[in-house]
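Visitor: I would like a close look at one part of this model. Please keep it brisk.

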Protein chains: 2
Amino acid sequence: MTTETARGAEPERVRAPNIRDVARVAGVSYQTVSRVLNDSPSIRPETLQRVRDAIDELGYRPNQAARALVTSRSRTIGVLAAQTVHYGPATSIQAIESAAREAGYRLSITNISSSEYASIKSGLDYLMSQSIEALIVIAPQVRVFEAISDLQIGVPFVTLEATGLSSDHSLWVDQVQGARMATRHLIELGHTEIMHISGPQDWIEAEARMQGFLRELGDADLRTRAPILGDWTASFGYYAGLELLRYRDFTAVFAGNDQMALGFMHACREMGLSVPGDISIVGFDDVPEAAHYAPPLTTVRQNFAEIGRRAVALLLGELRGETEMSHDPVQPELVIRQSTGRRP
Amino acid sequence: MTTETARGAEPERVRAPNIRDVARVAGVSYQTVSRVLNDSPSIRPETLQRVRDAIDELGYRPNQAARALVTSRSRTIGVLAAQTVHYGPATSIQAIESAAREAGYRLSITNISSSEYASIKSGLDYLMSQSIEALIVIAPQVRVFEAISDLQIGVPFVTLEATGLSSDHSLWVDQVQGARMATRHLIELGHTEIMHISGPQDWIEAEARMQGFLRELGDADLRTRAPILGDWTASFGYYAGLELLRYRDFTAVFAGNDQMALGFMHACREMGLSVPGDISIVGFDDVPEAAHYAPPLTTVRQNFAEIGRRAVALLLGELRGETEMSHDPVQPELVIRQSTGRRP
DNA sequence: CTCGCCGATGTGAACGTACACATCGCCACC
DNA sequence: GGTGGCGATGTGTACGTTCACATCGGCGAG
């Protein structure tokens, strides 16, 4: 028994097979295996098959870390997100994940809990430490832009759902337009006193919806009143409703999102008011449940998945050095259901 | 001017600084820098400071790929998820992300679109190719277990929201218990004819809730009837409601989740039935909006964030070689609101 | 005063892959 | 029939880090 190589063979750790193991089994050099892995054109069909068989036999998987090290390409797209439990962001992220994976990229997602600069910076910092190749921001908060320029991100990035503050890097559903559609719908129904419950002030999309609302009102020469600044939650809509409805100096409400609209309708019910009999309400987003609210909610539908897909396509294009692609905003769509009616 | 090193210095690519660059600036060896990065105890305070200054000056970031390569630790936890747009999974994932990041781990999330075996396998395959160190499954579908054993995952894993089919690896809110609580609540209100609208058959948690429902009914010697198999959506609840309410041979409904409950209430409204006057309804999950449905929904609250956190703690412990930790199920909580009342 | 130990630091390897370049055989062309 | 070229494959090296081991000075114990 020739145990002279015991040291080198026997006590070998159960190490994952590498490219050289595959090469040995296939009877070729490791470089040939590398070529197979990278779809090199000049490989004899027979050799190709042998290598493939060896790969299957050993259950070989390329080591991503080694690959990333030598190519200095992480194949990772970073996602800075806020409020991922909400329908919109969650839908976008899902689309992003799917598109990225299809293109051979992985995702590194991080949530920022607050809108504080420090929180954003730390999230961004974390992503940079993953050496991401591109960045998608779904935390459409104003301060994110500061942080991005402060940290010298140095990779292509886009922000989703934001408006054209930094239009080179923004990709968005036209929030202003959506808000105008919602407001116009109410105006066309005869409403003249319209309330707006907005999202948080530091959310760019909240700001955009507010702008759209105000502009449409201005165009119709209607009185504008200060919007209420909410926090996107149904509870806020509810308490705001209880408060506002004590005066009832309006007949319609445009809510910054569907959840707040739901809360507001709850308040109406509790105050004995009919929707849309006494008060008309429009939401924003068209979450899947909106069609089953009481009453089914008139709202503005956004295609969250579409902007997610576009974001990935845009960034991948940029990484390939392609000239810029279309940044056209995605058009939202007004979905008229039963929460809006003629002015009483 | 000594341009003799021009070749080596001048045309240098704008390469990211590495550990040797830091060492040079700090006037130490690269190994000392490595020690600083890994919090080695035996470093003179003065040296430590010099290295830290050099790191800041150069804006140095450790290369994760190189680190992963040499340590063969990816510091990545894989997450196989389904339906991430839903409140429950999304909440859990957020908690997981936060806990993982805190522990220095990153996440690799992948969504499976369908419950087909191939889809699960491909998702798992993708995760394995990222050389994940541990796996969390939030796609509580029966076939996932097959796939996990088929693919010989070889890393610690837990499944969330599933019930004890494979209890060594499961971590869950006690769905059976939650379902029993919901059902008992209805029984205590005098209902004897109770309908159950379940989630999809291949979802383990749907199965568990159904079991809880049936057992509680059995314990009370009440007639059991075949549950309706739904798909978790509000729309399904709505159409199922329209269908079932034509007969009205029941006075209470236990829905598999809040969305289906919402849809069902919509159907009741449309049929001119009062909730809870004519029909009582209980949901499951307690999504944030449930408190504002019409009427506010009685439901079973699950702590999604808690199980997410526990999953990470469990896996991290296992990676450190600690002996097993508690797998005790998280207890759900019945939240009584206004969608349930005494039998008419 | 010397020996041994320890704290602080440095040197050589290795991880698994892709890229640049070298090699080899073969065919077509003049 | 020599030569250039090309298709197919092999050899060296670098990527940035950590681990194992080597070195070196100082200090306490005998």
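Which residues are closest to DNA strand D, and how many surround DNA strand D?

Guide: This is a predicted model. DNA strand D is surrounded by 26 residues. The closest are S29(A), S42(A), N18(B), I19(B) and N63(B).

Now the elements behind that surface. Helix 3 (30-37) and helix 5 (64-71) of chain A each supply at least two residues. Helix 5 of chain B gives the most to the surface near DNA strand D: five residues. By class, that surface has 12 nonpolar, 11 polar and three charged residues.

Helix 5 of chain B leads on to the contact between the chains. Helix 5 (64-71) of chain B is among the elements that give two or more residues to the side touching chain A. The contact takes 39 residues from chain B and 39 residues from chain A. On the chain B side, the other elements giving two or more residues are helix 6 (87-102), strand 2 (106-111), helix 7 (117-129), helix 11 (234-244) and helix 12 (258-270). Helix 6 of chain B makes the largest share of that side, with seven residues. The residues of that side divide into 16 nonpolar, 17 polar and six charged.

How do the two chains relate? A rotation of 180° with 0.0 Å of shift along its axis superposes chain B on chain A, with an RMSD of 0.0 Å. The two copies are therefore related as by a two-fold rotation axis. In chain B, the C-alpha nearest the axis belongs to A65(B), 2.3 Å from it. Both copies use the same surface: 100% of the contact residues of chain B recur in chain A.

Next, a sheet in chain A. Four strands form an open sheet in the order 7-6-8-9, and the pairing is parallel. Strand 7 (228-229) and strand 9 of chain A are the edge strands, each pairing on one side only. Strand 6 (residues 194-198) of chain A runs parallel to strand 7 of chain A, and two bridges join them. The bridge partner of S198(A) in strand 7 of chain A is L229(A). Helix 10 (residues 204-219) of chain A packs on the sheet and touches strand 6 and strand 8 of chain A. The direction of helix 10 makes about 170° with that of strand 6 of chain A.

Q83(A) is placed in the loop between strand 1 (76-81) and helix 6 (87-102) of chain A. Phi of Q83(A) is near 60°, a positive value in a residue other than glycine. Q83(A) has 19 other C-beta atoms within 10 Å, so Q83(A) is partly exposed. R248(A) sits in the loop between helix 11 (234-244) and strand 8 (252-255) of chain A. Phi of R248(A) is also positive, near 55°, and this residue is other than glycine. R248(A) counts as exposed because it has 12 C-beta neighbours inside 10 Å.

The bond from V275(A) to P276(A) is cis, with omega near 5°. P276(A) lies in the loop between helix 12 (258-270) and strand 9 (280-282) of chain A. In chain B, the peptide bond from A294(B) to P295(B) is cis, with omega near -5°. P295(B) has its place in the loop between strand 9 (280-282) and strand 10 (299-301) of chain B.

Terms used
Residues numbered from 1 in each chain as written. Chains lettered and ligands numbered in written order. Predicted model: local features only at pLDDT ≥ 70, side-chain atom pairs only at ≥ 80, totals over all residues. Contact = placed C-beta atoms within 7 Å. Nonpolar A, V, L, I, M, F, W, Y, C, P; charged D, E, K, R; others polar. Buried ≥ 20, exposed ≤ 12 C-beta atoms within 10 Å, placed from the backbone. Least-squares fit on C-alpha atoms with pLDDT ≥ 70 in both. Near = placed C-beta within 6 Å. Pairing = 2+ DSSP bridges. Axes fitted to C-alpha atoms, helices over the stretch in contact; angles between N-to-C directions.
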